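Subject: Structure handover

Hi,

My notes on what turned up follow just below it.

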Amino acid sequence: MKAIRVHQFGGPEVMKSEDVPDPKPGPEQVLVRLHAAGVNPVDAYVRAGTYTISATLPYIPGSDGAGVVEAVGDDVKRWKRGDRVYIFGTTSGIRAGAYAELAVCDTSQVHRLPDNATFPQGAAIGVPYSTACRALFQKARAIPGETVFIHGASGGVGIAAVQLAVARGLRVIGTASSGRGQELVKQQGAQHVLDHHAPDYLEELTTLTDGRGPEVILEMLANVNLAKDLSVLAPHGRVVIIGNRGAIEFNPRAAMQRDATIFSMMMPNASEIDLASIHALLVAGLANGSLKPVINQELPLKDAPCAHELLMQPGAYGKIVLIP
């Protein structure tokens with residue numbers, strides 16, 4: 001099969017398209033022929049060698065994909081050849097991932113892809129939507145009627161969070177840096193969208209919440225925004241740190257004054273029970289149409305280096321997927 005492999009850590013150029021042996025499923029495993037693979041920031045961090053969890057070289061990047069079941073191993077009852085599925089992880093983890101024509105997964109990593117969802121949309125579900133779901137409902141425990149402020153709402157996780165929050169009856173205020181991104185966030189159901197490069201956007205946020213502030217903030221760049229988040233959070237509010245790219249120093253008094261709670265999260269820490277609950281919700285949302293991943297670009301698998309370069313550029317807009 002064709003696959004992207006990394007033999008040394010570094011920039012996007014270290015990813016090479018290669019011919020590798022077709023994998024085979026073992027007991028309680030599923031072989032999926034991938035029609036699309038999702039590209040996520042974590043893929044770039046692992047490739048660069050800067051992520052908390054390191055890869056063993058050489059490896060195939062990627063955890064997200066969608067396609068059809070090619071074959072199943074012994075003792076697999078739920079899945080059969082031809083089933084449409086999306087995957088969240090592979091049996092070999094980051095050693096043999098989803099940037100390939102075929103992937104072997106444990107049965108718990110395979111989820112039904114409803115007929116109304118395309119393969120690129122299925123490939124865009126895994127990391128972004130599970131992250132947003134865990135942040136909103138398992139960490140912040142957001143409830144209908146509350147206001148959630150989503151910093152960086154036009155990217156993969158941000159769009160997922162907007163759709164999930166709107167479907168649950170939350171009031172959503174998001175940010176995006178470009179006019180195109182702001183329009184996208186509005187289209188997903190956010191009541192208000194702010195430009196986080198504008199000097200007064202936090203004052204506008206406070207005005208939109210009648211001086212109270214949002215009950216929940218989802219933070220994609222904590223090293224830049226966490227201190228500011230705490231200055232506008234509602235009393236007893238919750239901030240969930242989803243992304244961070246550096247150290248930060250701040251005065252905790254703003255959190256103390258509000259009895260605020262700061263949550264942090266990484267998806268590898270989610271339990272099997274948590275993951276099962278998350279994907280039950282995501283499959284249902286795809287089926288009923290409340291969740292519709294937004295695809296920015298579809299690129300051939302061989303163009304994975306280009307995808308990683310585009311991924312890290314400012315002005316996020318939906319998802320990039322690779323097509324084997």
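A cavity is a set of points, on a 1 Å grid over the protein atoms alone, where a 1.4 Å probe fits but cannot get out; lining residues have an atom within 4 Å of a point. Grid points are joined across faces, edges and corners, and a volume is the space filled by probe spheres set on the points.

This is a predicted model: local features need pLDDT of at least 70, side-chain atom pairs count only at pLDDT 80 or more, and totals for chains, interfaces and linings use all residues. Residues are numbered from 1 along each chain as its sequence is written, and side-chain values use heavy atoms, with hydrogens and water left out.

The count is 1 cavity of 30 Å³ or more, and the largest cavity has a volume of about 30 Å³. Ala124, Tyr129, Gly156, Ile159, Pro293, Val294, Gly318 and Lys319 line the largest cavity. By class, that lining has 5 nonpolar, 2 polar and 1 charged residues (Ala, Val, Leu, Ile, Met, Phe, Trp, Tyr, Cys and Pro count as nonpolar, Asp, Glu, Lys and Arg as charged, and the others, Gly among them, as polar).

Now the helices (DSSP runs of H or I, at least four residues, numbered from the N terminus). The axes of H3 (residues 126-139) and H4 (residues 156-167) come within 8 Å and cross at roughly 55 degrees; axes are lines fitted to C-alpha atoms over the stretch in contact, with angles from 0 to 180 degrees between N-to-C directions. Contact (heavy atoms within 4.5 Å) involves Tyr129 in H3 and Gly156 and Ile159 in H4, among others.

Best wishes

Methods: On a 1 Å grid over the protein atoms alone, a cavity is a set of points where a 1.4 Å probe fits but cannot get out, and a pocket is an open set with protein on both sides within 12 Å along at least five of seven lines; lining residues have an atom within 4 Å of a point. Helices (H or I, at least four residues) and strands (E, at least two) are DSSP runs, numbered from the N terminus.
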